[in-house]
Amino acid sequence: MTTEIKHHTIEDIAGGAIPRHIAVIMDGNGRWATAKGMARLAGHHAGVEALDEVLETIKAIGTKYFTVYAFSTENWRRPADEVNGLMHLLVEYLDKKIAKLHAEGVCVRVIGDRSGLSERVRQKVENAYALTKDNDAVIFNIALNYGGRQEIVHAARQLAQACAAGEMNWQDIDEDAFAAHLDTAGQPDPDLLIRSSGELRLSNFMLWQVAYSEIWITDTLWPDFRAGDLFDAVFAFQKRDRRFGGLKK
Ligand code: IPE
Ligand code: IPE
Ligand code: MG
């Protein structure tokens, strides 16, 4: 027996608050492929199709900031073949999609430690940003060689450096000053954090920025994730009572 899942639609969420920033931990590509008897990389390829549809949907609902976790600082622990395949997939994605993304007003930024990327990948992401940096329909952050702890340490070092150089007083280090040194400087924190494939953890993703994000986790594997899943997440978000430590209104 198969149970059909009935997803929400864009009409279901039209009347409610739309998250300004949605961040997604796109997980489950490997399991999706393995379950089909395919190589893990086939799962990553299928994941790009899910990403295409979700980005289209992000535009349709009017969310302005969209961040996806594409490769973590811990993902280097995977076999070289898979790491190379993922890097190649990103280059291929940018080659194929950057003109369309640019035409649609998407600003494509990479967050994470670029110094750890190969010259070829770094060039690609820098070119993508140079082309699209003035676009503002959607700010699309691709987290690549990204780690939340590394990002925080990097910000701390920059602030320490500014203090040591006499450009800043340590008393002036506050949350805003700190956030201004993160890769997401100038962007609102995610309102909604989505993780596919059921793991109940952050895996070092946006540790500073998700302090008050609403979290929505689905068992759906990322390659199967479609517009309807995003509507489900936003629908659930709209039902949440965001108190930020205060009391219910
Ligand atoms: C997410 O899918 C993509 C990346 C981490 C790059 P996984 O590759 O982690 O898939 P699972 O978790 O092994 O199924
Ligand atoms: C998180 O997924 C990283 C990305 C989605 C890019 P992982 O599959 O690497 O996380 P863990 O190992 O399950 O925590
Ligand atoms: Mg995984």
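Colleague: Which residue has a side-chain N or O atom 2.8 Å from an oxygen atom of ligand 2?

Modeller: This is a predicted model, where local features need pLDDT of at least 70, side-chain atom pairs count only at pLDDT 80 or more, and totals for chains, interfaces and linings use all residues. Residues are numbered from 1 along each chain as its sequence is written, chains are lettered from A and ligands numbered from 1 in the order written, and side-chain values use heavy atoms, leaving out hydrogens and water. A pair of N or O atoms within 3.5 Å is a polar contact, and the residue that places a side-chain atom 2.8 Å from an oxygen of ligand 2 is Arg 201.

Colleague: Which strand gives the largest share of the shell around ligand 2?

Modeller: Shell residues have a heavy atom within 4 Å of the ligand, and those around ligand 2 include Tyr 69, Ala 70 and Phe 71. Strands are DSSP runs of E, at least two residues, numbered from the N terminus (helices are runs of H or I, at least four). The largest share, three residues, comes from residues 65-72, which form strand E2.

Colleague: What share of ligand 1 is buried by the protein?

Modeller: Here a polar side-chain atom of Asp 27 lies 2.8 Å from an oxygen atom of ligand 1. A backbone N or O atom of Gly 30 is 2.9 Å from an oxygen atom of ligand 1. Alone, ligand 1 exposes 370 Å², of which the protein buries 87%.

Colleague: Which helix gives the most residues to the shell around ligand 1?

Modeller: 13 residues surround ligand 1. The elements that give two or more of its shell residues are helix H2 (29-35), helix H3 (40-61) and helix H4 (80-103). With three residues, the one that gives the most is H2.

Colleague: How many residues apart in sequence are the parts tied together by Asp 27 and Arg 195?

Modeller: Asp 27 and Arg 195 form a salt bridge (a side-chain nitrogen of Lys or Arg within 4 Å of a carboxyl oxygen of Asp or Glu), their closest N and O atoms being 2.9 Å apart. Asp 27 lies in the loop between strand E1 (21-25) and H2, and Arg 195 in strand E5 (residues 192-195), so the pair ties together parts whose separation in sequence, in residues, is 168.

Definitions and conventions. A polar contact is a pair of N or O atoms within 3.5 Å; within protein, one must be able to donate a hydrogen and the other to accept it, and residues adjacent in sequence count only if both atoms are side-chain atoms. Accessible areas come from the Shrake-Rupley method with a 1.4 Å probe; for residues, only the protein chains shown count as cover.
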